[in-house]
Amino acid sequence: MVVFLLLSTASHEGRREPNIKNSEQSFVFNYTLAKAIVEYASAVYMTDLTAMYTWTCSRCNDLTQVRYLRNTGFEIRCIIVDVENCLQAFIGVDHNLNAIIVAIRGTQENSVQNWIEDLVWKQVYLNYPNMPDAKVHTGFYSAYNNTLLRPVITNAVRKARKLYGDISIIVTGHSMGGAMASFCALDLAISLGSDDVHLMTFGQPHLTYHHFPREVWEHAVDGNTTFQVCDDSGEDPDCCRSVFALFLSVSDHLTYMGVDVAADDWSTCRIVMAQSVEQLRSYLTSNIIMLKNPVDVIFVDHSVQIDLSTSS
């Protein structure tokens, strides 16, 4: 499993060509790939589920844009909305990358429920084989493993691989979504018995007492955006740890590579999700959609699961 974390303390006022600094030659930062993946981490925040279903949302029109005439681009395969736990995710296939994309939404700025999950710092043992002493963050671990996300994502990935073969899997998320994406990538690698699972997160908090070994720090140097590939310790003192905590910017945490990665609606999570669910449900009811590979839509509202899956 390949792991990659991007943290930012950069100003995003300009569009200059980025400067990339590699501290070692064993890892090369792929800017184009990272830019495509951060767009998925951004798109999963969208509250308009109908636009997400049709992949016509305002954040679905750059590197992730569908190009039907050339049979390339992104194909949405599954949307998951857990209103009760304020969770949202989608699974799809990027035909340009020949990879399955799993994107998990991060913290809704005004969601008390998500912030409670963020702040539950109690450590629990990781329940996986050959990891007897591994302990992780309780809130993030429970948000993925003890909700609908884990079984539905695993099932959707299996379905996608049944259609397109054993193609690569890329899991992404921002902030809390990055933390859950980390558990998701580990779980998929173990449950599918695959080494071709890649993780790329943005602004991810610690899952244990240390970051993952591979970090890329986005920051400004003399007015130019620089992407610094940090050492493999996970705590490189010359990367984001070199910035005093009081100088860290919230706005930097919400923008990566010039892409906004935050909710597009500041209302409370459950209100927004419930409204979006009703709109998509109405859309699906009133539109007969004939797709070659139908999209699965899974809703959970107040502990009652509503499966609008259109595929077998």
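Predicted model: local features only at pLDDT ≥ 70, side-chain atom pairs only at ≥ 80, totals over all residues.

**Entry 1: confidence.** Over residues 302–306 the pLDDT stays under 50, and the model has 11 contacts beyond four places in sequence for them. I found another such stretch at residues 11–15, where pLDDT also stays under 50 and 10 contacts beyond four places in sequence are present. Strand β5 (residues 99–104) has the highest confidence, at a mean of 97, and strand β15 (residues 304–307) the lowest, at 44.

**Entry 2: aromatic pairs.** I then asked how many aromatic pairs there are. The count comes to 12. I looked up Phe29 and Phe227, whose ring centres lie 5.3 Å apart with 25 degrees between the planes, a stacked pair. Phe29 lies in the loop between β2 (19–22) and α1 (31–43) and Phe227 in strand β11 (residues 224–229), so this pair ties together parts that are 198 residues apart in sequence. Are these two residues buried or exposed? Phe29 is buried, at a relative accessible area of 6%, and Phe227 is buried as well, at 1%.

I next examined Tyr53 and Tyr283. Their ring centres are 6.2 Å apart and the planes stand at 70 degrees; an angle over 60 counts as edge-to-face, so this pair is edge-to-face. Tyr53 belongs to helix α2 (residues 49–53) and Tyr283 to helix α8 (residues 269–286), so the pair ties together parts that are 230 residues apart in sequence. Tyr53 counts as buried, at 7% relative accessibility, whereas Tyr283 counts as partly exposed, at 25%.

I also noted a cluster in which ring pairs link Tyr40, Trp55, Phe74 and Phe90.

**Entry 3: helix α8.** I checked the length of α8 against expectation. Its 18 residues should span 26 Å at 1.5 Å a residue, and the end C-alpha atoms are 26 Å apart, which agrees.

Which residues of α8 are buried? I listed Cys269, Val272, Met273, Ser276, Val277, Leu280, Arg281 and Leu284. Seen down the axis of α8, these buried residues fall within an arc of 160 degrees, so they line one face of the helix. Thr285 and Ser286 are exposed on the other side of α8.

Technical notes:
Residues numbered from 1 in each chain as written. Heavy atoms only, no water. pLDDT = per-residue confidence, 0-100. Helix = DSSP H or I, 4+ residues; strand = E, 2+ residues; numbered from the N terminus. Contact = heavy atoms within 4.5 Å. Phe/Tyr/Trp six-rings, centres within 6.5 Å; stacked < 30°, edge-to-face > 60°. Buried < 20%, exposed > 50% of the residue type's maximum accessible area, 1.4 Å probe, protein only. Expected span 1.5 Å × (residues − 1). Arc of directions from axis to C-beta.
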